[in-house]
Structures are given as C-alpha cells and as structure tokens.
Amino acid sequence: RDRRDLVTCGCAAGVAAAFRAPVGGVLFALEEVTSWWRSHLMWRVFFTSAVVAVVVRSAMNWCDSGKCGHFGAGGFIIWDISG
C-alpha cells in the first residue's frame, strides 16, 4: 500500500511540476493512477503537489536572476537555441 501511495504522490508531483498545476496533478492522480482512493491519501497528494509548485516557482525565479547556468532565462529550457 505504501508503494502505491508513493507512486500516486510521484505521479501527481510530476504533473504538477510539468504543467505548474498542483490541483491538476491531484485530479490526474485521482482519475488515472489510484485504484484505492482514501481521504488520507488525497491530503498527502495535495501536499506533495503544493510543495512541488512552490519549488518550481522558486527555481523559475532563481533562473530569472541569471544564476541558472545552462538553463534558459525564465524557464527550464536546457538547450540554448538563440544562436
């Protein structure tokens, strides 16, 4: 059960990070990943998605300051295609 819960939290965190939508991550995990949904799991998934949204927002602000190295300004673009 713990392994299933971790997979559900990880899936929700991935969707929340990719699309910057923590509620979308929770809903995706609810609809597609979870076979046994409990209210305790919903709070874990929501908390995980909220933490990921805060971390992604902080990383994007850090990249805007120009200290991001190979990443592009304003986002997580790994390759510079301006040249």
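First, the ground rules. This is a predicted model, where local features need pLDDT of at least 70, side-chain atom pairs count only at pLDDT 80 or more, and totals for chains, interfaces and linings use all residues. Residues are numbered from 1 along each chain as its sequence is written, and side-chain values use heavy atoms, with hydrogens and water left out.

Now the overall layout. The protein has 3 helices and 0 strands. Here helices (H or I, at least four residues) and strands (E, at least two) are DSSP runs, numbered from the N terminus. From the N terminus on, the order is α-α-α. There are 83 residues, and 25% of them count as buried. Buried means under 20% relative accessible area, exposed means over 50%, and partly exposed is in between, with a 1.4 Å probe and protein chains only. The accessible surface comes to about 6100 Å². Carbon and sulfur atoms hold 65% of that surface. Those areas come from the Shrake-Rupley method with a 1.4 Å probe; for residues, only the protein chains shown count as cover.

On to contacts, meaning heavy atoms within 4.5 Å. Take the contacts between residues at least 6 apart in sequence: 44% of them join residues at least 24 apart.

Asp5 counts as buried because its relative accessibility is 5%. What does its side chain pair with? It makes a polar contact of 2.8 Å with the side chain of Arg38. A polar contact is a pair of N or O atoms within 3.5 Å; within protein, one must be able to donate a hydrogen and the other to accept it, and residues adjacent in sequence count only if both atoms are side-chain atoms. Setting aside residues up to four places away in sequence, Asp5 touches Arg38, Leu41 and Arg44.

Leu6 is next. It sits in α1, which covers residues 2–19. Leu6 counts as exposed, because its relative accessibility is 62%. From Leu6 to Leu41 is 35 residues in sequence, but 9.6 Å in space, C-alpha to C-alpha.

Just after α1 comes Arg20, with a positive phi of about 50°. Arg20 is a residue other than glycine. It lies in the loop between α1 and α2, and α2 is residues 22–33. At 48% relative accessibility, Arg20 is therefore partly exposed.

Now the packing. In soluble globular proteins, nonpolar side chains tend to be buried together. Which residues make up the largest nonpolar core here? There are 6: Cys9, Ala12, Val26, Ala29, Leu41 and Val45. A nonpolar core is a set of buried Ala, Val, Leu, Ile, Met, Phe, Trp, Tyr and Cys residues joined through side-chain atoms within 4.5 Å. α1, α2 and α3 (39–64) are the elements that give two or more residues to this core. Another core lies apart from it, with 5 residues, including Ala13, Val52, Val56 and Met60.

Stay with Ala29. Beyond four places in sequence, it touches Thr8, Ala12, Thr34, Trp37 and Val45.

Thr34 is buried, because its relative accessibility is 16%. Its side chain reaches the backbone oxygen of Ala29 at 3.0 Å. Outside four places in sequence, Thr34 contacts Thr8, Ala29 and Leu41.

Trp37 is at 29% relative accessibility, so it counts as partly exposed. Its contacts beyond four places are Thr8, Val26, Ala29, Leu30, Met42 and Val45.

Last, the record. An unreviewed UniProt entry places the feature "transmembrane region" at residues 41–60. UniProt positions are in the numbering used here, feature names are shortened, and annotations may be inferred rather than shown by experiment. In the model, residues 41–60 are 100% helix and 0% strand, with end C-alpha atoms 28 Å apart.
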